[in-house]
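Trainee: I'd like to learn how to read pockets, cavities and helix packing in a model like this one. Can we walk through them together?

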Amino acid sequence: MDLFHIASGDEIKKGLTTDIYFKRTVEILRHKKVKKSVLAEFTVGSLPDKYPWAVFAGLEYVVKLLEGLPITLYSIPEGTLFTPRDPEGVPIPVMAIEGEYSSFSEFETPALGLICQASGIATKSARIKKAAEDSVVLSFGVRRMHPALAPFIDRNAYIGGCDGVSSILGAEAIGKRPTGTMPHALMLIMGEEEAWKAYDEIMPQDIPRIALIDTFGDEKFASLEAASKIKDLLGVRLDTPASRRGNMERIVREVRWELDLRGYKNVRIYVSGGLDEDDIPPLKKAGAFGFGVGTSISNAPTIDFAMDIVEVEGVPLAKKGKFSGRKKVWRCKKCKALYVTPYEADTATCHSCGEETELILQKYLENGKLVRPLPSVDEIRNYVLEQLKQVEFSL
Ligand code: PCP
């Protein structure tokens with residue numbers, strides 16, 4: 001364990017972050033020479049805050065976690081929007097592991113942790129992007145979480161639909177440049193006008209000129225001042241929606257009006273600080289072009305997946321409340337609804353639009369070896385954005 005109480009990748013791969021009862025289970029099974037092949041599924045009981053759908057994320061991490069083990073891993077594609085149950089009320093398995101139970105038992109804990117948190121962040125990011133529509137959303141929340149999670153948070157925020165990320169390692173994880181302007185600290189140390197000018201003078205030309213304009217004075221006058229002082233000013237950033245000066249929607253509308261009136265129609269308005277999904281539409285309507293979202297994304301509610309055995313030695317068996325037996329998961333080619341059938345079913349037709357379906361739960365690892373290419377982070381994000389066009393924002 002390191003200085004910051006972070007488990008290393010090696011320690012996670014050795015199963016050291018597991019709950020002890022899995023280790024004890026394996027010890028008992030080995031002593032008693034019980035070796036049974038099982039099929040275990042990952043399903044979710046319900047979604048946070050009554051979300052109607054969630055984004056499945058974290059598959060690539062699970063592949064890395066289980067690679068090399070004598071197991072087979074099935075999954076729906078990373079980035080798939082799913083519901084806890086199909087239209088008939090059957091829980092939808094998003095992943096399944098097949099193998100001798102002791103060979104993967106201790107990885108239940110880290111596998112769940114990876115998909116629960118990754119999916120939680122990606123889902124929140126997708127909800128915020130859905131609310132923002134064509135507006136820019138930037139992931140600003142790494143400062144609220146353990147720093148070791150910065151690349152994890154930013155990657156999953158990007159997968160969910162964020163257009164950029166603020167952390168250096170997060171940007172590296174997605175193969176992009178980090179996005180960010182200037183903190184209030186720079187204004188306090190240099191003075192507002194000096195700080196804007198120094199930023200313009202020192203930053204390379206390809207860094208967008210966005211001035212933070214809410215440190216001392218009124219946002220309207222500071223915006224006009226920045227626009228007049230900085231040639232090629234791309235935008236202004238208002239970072240204090242909850243400040244004592246009140247209604248950010250009205251402030252944004254007024255700033256937009258004044259900038260437009262004075263010929264600064266191209267100067268964009270970015271808003272950040274304490275934003276969540278409900279705050280975005282009114283600010284967008286008032287004239288905001290982009291949003292920096294921190295805590296709401298980095299501290300997103302996790303998606304409550306569970307792993308359960310559904311078959312032992314080829315025989316359907318599950319604890320109460322769970323659906324036993326091997327299954328197929330299908331997706332309607334038109335409306336994208338997911339359907340679950342017993343494994344024996346050869347086809348499934350969409351009940352709502354009568355369209356054909358395709359199999360979506362596919363094999364990723366066979367005896368620990370990758371048998372299906374993993375998509376790039378941009379492919380996953382585009383896949384999410386494509387599906388977002390087809391879903392409703394709320395219930
Ligand atoms: C930080 C930054 C972002 C905020 C956090 C996003 O604000 O400017 O806009 O995080 P949130 O959504 O959780 O609020 P400050 O701490 O005010 O930054 P600084 O004073 O360094 O400019």
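Predicted model: local features only at pLDDT ≥ 70, side-chain atom pairs only at ≥ 80, totals over all residues.

Trainee: What is the volume of the largest pocket?

Mentor: The largest pocket comes out at about 780 Å³. It has 23 lining residues, and those closest to its centre are Ile 12, Tyr 61, Leu 114, Leu 149 and Phe 152.

Trainee: Which elements give two or more residues to that lining?

Mentor: Those are α1 (9-13), α3 (59-66), α5 and α6 (150-160). Sorted by class, the lining of the largest pocket splits into 13 nonpolar, 6 polar and 4 charged residues.

Trainee: On to cavities. How many of 30 Å³ or more does a search of the whole structure find?

Mentor: The general idea is that a probe fits inside a cavity but cannot get out, whereas a pocket is open. In this structure the search turns up 1 cavity of 30 Å³ or more. The largest cavity holds about 40 Å³ of space.

Trainee: Which residues line the largest cavity?

Mentor: Its lining is made of Met 182, Trp 196, Tyr 199, Asp 200, Arg 209, Ile 210, Ala 211, Ile 230 and Leu 233. Two elements, α9 (192-202) and β8 (210-212), each supply at least two of the lining residues, and α9 gives the most, with 3 residues.

Trainee: And how does the lining of the largest cavity divide by class?

Mentor: You get 7 nonpolar and 2 charged residues, with no polar ones.

Trainee: Now helix packing. At what angle do α5 and α14 pack?

Mentor: For any pair, read the angle together with the spacing of the axes. Here α5 (residues 108-132) and α14 (residues 377-388) pack at about 55°, and their axes are 11 Å apart. That angle makes α5 oblique to α14.

Trainee: Is the crossing of α5 and α14 left-handed or right-handed, and which residues make the contact?

Mentor: The crossing of α5 and α14 is right-handed. On the α5 side the contact uses Ala 126, Lys 129 and Lys 130, and on the α14 side Val 384, Leu 385 and Leu 388. By class, the contact of α5 with α14 has 4 nonpolar, no polar and 2 charged residues.

Trainee: What about α6 and α14: how do their axes cross?

Mentor: The axes of α6 and α14 come within 7 Å and cross at roughly 40°. The two helices are therefore oblique to each other. From α6, the contact takes Arg 155, Tyr 158, Ile 159 and Gly 160; from α14, it takes Val 377, Asp 378, Ile 380, Arg 381, Val 384 and Leu 388. In class terms, the contact of α6 with α14 has 6 nonpolar, 1 polar and 3 charged residues.

Notes. Residues numbered from 1 in each chain as written. Heavy atoms only, no water. Axes fitted to C-alpha atoms, helices over the stretch in contact; angles between N-to-C directions. Helix = DSSP H or I, 4+ residues; strand = E, 2+ residues; numbered from the N terminus. Parallel < 35°, antiparallel > 145°, perpendicular 65-115°, else oblique. Left-handed = near helix turned anticlockwise from the far one by under 90°. Contact = heavy atoms within 4.5 Å. Nonpolar A, V, L, I, M, F, W, Y, C, P; charged D, E, K, R; others polar. 1 Å grid on protein atoms, 1.4 Å probe; cavity = no way out; pocket = protein on both sides within 12 Å on 5 of 7 lines; lining within 4 Å. Points joined across faces, edges and corners; volume = space filled by probe spheres on them.
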